[in-house]
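Here is a note on the structure you asked about, written as numbered points. Please keep the model open beside you while you read.

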Amino acid sequence: MTMPKVSIVFAACLLVATAPSATAQPTVARTDSASLSPVLGDSVGTRSAELVAGIRRDVRAVDTYLAKLETASREDSVVLRLQLFETQQDALTKLHELAGVLIDLEKRGPQPGLRTDVVGAFERTTPRIWGHIRMIRGQIDRLRAARGKTAAADRPALEGQVRVFTQRLDTVYQLGYDQLQLLGTLGIGSRVDSTTYATLLLERADELSGRIAVSTERISEYTGLQRQAPDNADVRALLAAEKISLKTETSSMALLIPLLGKLNLPSGDYRSQLLVATRDLSSGLLNKDALRRLLADGWSRVRAFLRTNGASLLARLLACVGILLGARLLGNVVQRIVQRTMDRKNTGSVLLRRMVVQGASNAVFLIGVLLALGQLGINVGPMVAGLGVAGFIVGFALQDTLANFAAGMMILLYRPYDVGDVVEVTGALGKVERMSLVSTNVVTFDNQMIVVPNSKIWGDVIKNVTHQSLRRVDMVFGISYADDIPKAETVLMDILRAHDKVLQDPAPVVKVNRLNDSSVDFVVRPWVAVDDYWDVYWDVTREVKMRFDREGISIPFPQRDVHLYQNAPSSPAGPAV
């Protein structure tokens, strides 16, 4: 694409107009030496001369670039256009600085020669800046118009070119604002120029606002298409190009909004739109007006949505709530039915019955939740898939917990103990108070609560003390070797037969078991109900001591006899006399 003749002519006119006349430099020199005070110093006059020389160099550079553009290749022309634009920008910046030097010099005295040149340059360059803005906007429009003829794969590169020209346009807008400020400072400001710049600024803001809205909608559309066809290269390229476009437009809008504020032009709507598009609350764009507009816009959208879809949404919500309530009621009914059925048949352990009953109720309610979400138009398929992936991740992170869960399932299936049983597991002896699929709560006989992980229980020896309905009480009693063994046997058997909790079937056993060091030991083994074990153990032990005392039977205890032997003293042997 070749540069239009108007831009080349504009570059030449701009730089020629900004170059001071030949009379400017002597005037500045005379003023520097004659009227500058120590406060300003000679540096101001020196700087003015440097700026004039710099502007003239820019004029010569423009002439060189324009000559090269006539015969340059397409690739070289891109570089030359960029250099031409930068030279234009540099020349205008130097002109603005030269105006600042003029203002400083005029603090000490009139500078008619330099003022005439500077004012004339400003008067000639100001309208050309407005024309330059329109020219770059036309170039951007032509690039955007080529979108329809550009392949999807080439769209990101095209949007990159648009971004380059947009950045140049933003620079010119900033230079135009600086130009107006200096015109006002120099006292030559024009209402026409201010109105023209304000119009161009508002036109650009309106254009960017529309393009941001379009880009946002297209990004949403292409994102949906990419979800449906993730391998489609064209969709990926179009999405990438539209994101570049949105970034270009929002960046340009962010530069324009402060300029609108400085000129007291309306910018609240643009701030709100930019905040929504960028989602950046830390950008400094949020103020009271923007927040008020955001809230008002959101509320208006809610009202519009309710006017259009309010009736159907209300019906769906009522249906959703009705399904959830019905699922809860049905779940309670199913829970009671399953509970009664399992209680009637006495099926399984307490834990198994609890799990089945609660699981049936939860399953009914879960089905109700899925149906309710369907009424709201929510697709539960991706949700279930997401829960599956999340479950895998959580399961990998909770391996120990899952090991306890698996052990709890094995305990549930094989039922080595149940709630209420007295067990000894991992060294803990007590009554099972509560059991879950993860752990078992055991209350010891001194009323301590011990929580044992199921994986520890299933991997160790489990002793269920109360699993059987009957239990044998094993006791040992000893008598002296001098006592009557048959009499002791009779006494022990009478004690067992007299106790009302000792079962006669199986018959109790009383036998001589061992001839110990100091006693003859009897084993006494009555059978009792599990709940009567300790009552019988304590009663029989007490009764044996009391009966043995009455019958004159001794219960020996370890004794040691100590015998002292005293030797007669012997007379010492002496020599014979």
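The points below go from the basis of the model to helices, a sheet, aromatic rings and backbone details.

1. Basis. The model is predicted, and local features are taken where pLDDT is at least 70, side-chain atom pairs only at pLDDT 80 or more, while totals for chains, interfaces and linings use all residues. Residues are numbered from 1 along each chain as its sequence is written, and side-chain values use heavy atoms, with hydrogens and water left out.

2. Two packed helices are described by the angle between their axes and the distance between the axes. Helices (H or I, at least four residues) and strands (E, at least two) are DSSP runs numbered from the N terminus, and axes are lines fitted to C-alpha atoms, for helices over the stretch in contact, with angles from 0 to 180 degrees between N-to-C directions. Helix 7, residues 191-228, packs against helix 8, residues 233-262, at an angle of about 150°, and their axes are 8 Å apart. Helix 7 and helix 8 are therefore roughly antiparallel to each other (under 35 degrees counts as roughly parallel, over 145 as roughly antiparallel, 65 to 115 as roughly perpendicular and the rest as oblique). Their crossing is left-handed, a term used if the near helix is turned anticlockwise from the far one by less than a right angle, whereas clockwise gives right-handed. The residues of this contact divide into 17 nonpolar, 8 polar and 7 charged, where Ala, Val, Leu, Ile, Met, Phe, Trp, Tyr, Cys and Pro count as nonpolar, Asp, Glu, Lys and Arg as charged, and the others, Gly among them, as polar.

3. Helices 15 and 16. The axes of helix 15 (residues 485-498) and helix 16 (residues 533-551) come within 10 Å and cross at roughly 140°. Helix 15 and helix 16 are therefore oblique to each other, and their crossing is right-handed.

4. The sheet. Strands of a sheet pair through backbone hydrogen bonds, either parallel or antiparallel; here two strands pair if DSSP finds at least two bridges between them. An open sheet is formed by 5 strands in the order 4-3-2-1-5, with antiparallel pairing. Strand 4 (449-453) and strand 5 (462-464) stand at the edges with a single partner strand each, so one side of each is left without a neighbour in the sheet. On average, and with direction ignored, neighbouring strands of this sheet are turned by 40° against each other.

5. Strand 3 and its partners. Strand 2 (residues 428-435) and strand 3 pair in the antiparallel sense over 4 bridges, and the two form a hairpin with 3 residues between them. Strand 3 (residues 439-443) also pairs with strand 4 in the antiparallel sense, over 5 bridges. The bridge partner of T440 in strand 4 is V452, while that of N441 is V451. Strand 3 and strand 4 form a hairpin with 5 residues between them, and N447 in the turn has a positive phi of about 65°.

6. Aromatic rings. Rings of Phe, Tyr and Trp (its six-membered ring) pair if their centres lie within 6.5 Å, and planes under 30 degrees apart count as stacked, over 60 as edge-to-face and the rest as tilted. By this rule the count comes to 6 aromatic pairs. One of these is the tilted pair of W130 and Y197, 5.4 Å centre to centre with 40° between the planes. This pair links distant parts of the chain, since W130 is in helix 5 (residues 112-145) and Y197 in helix 7, 67 residues apart. W130 is buried at a relative accessible area of 3%, and Y197 is buried at 0%. Elsewhere, ring pairs link Y533, W534, Y537 and W538 into a cluster.

7. Backbone details. Most residues other than glycine have a negative phi, and most peptide bonds are trans. N264 has a positive phi of about 60° although it is not a glycine; N264 lies in the loop between helix 8 and helix 9 (268-278) and counts as exposed at 70% relative accessibility. A cis peptide bond joins D505 and P506, with omega about 5°, and P506 lies in the loop between helix 15 and strand 8 (509-515).

Technical notes
Buried < 20%, exposed > 50% of the residue type's maximum accessible area, 1.4 Å probe, protein only.
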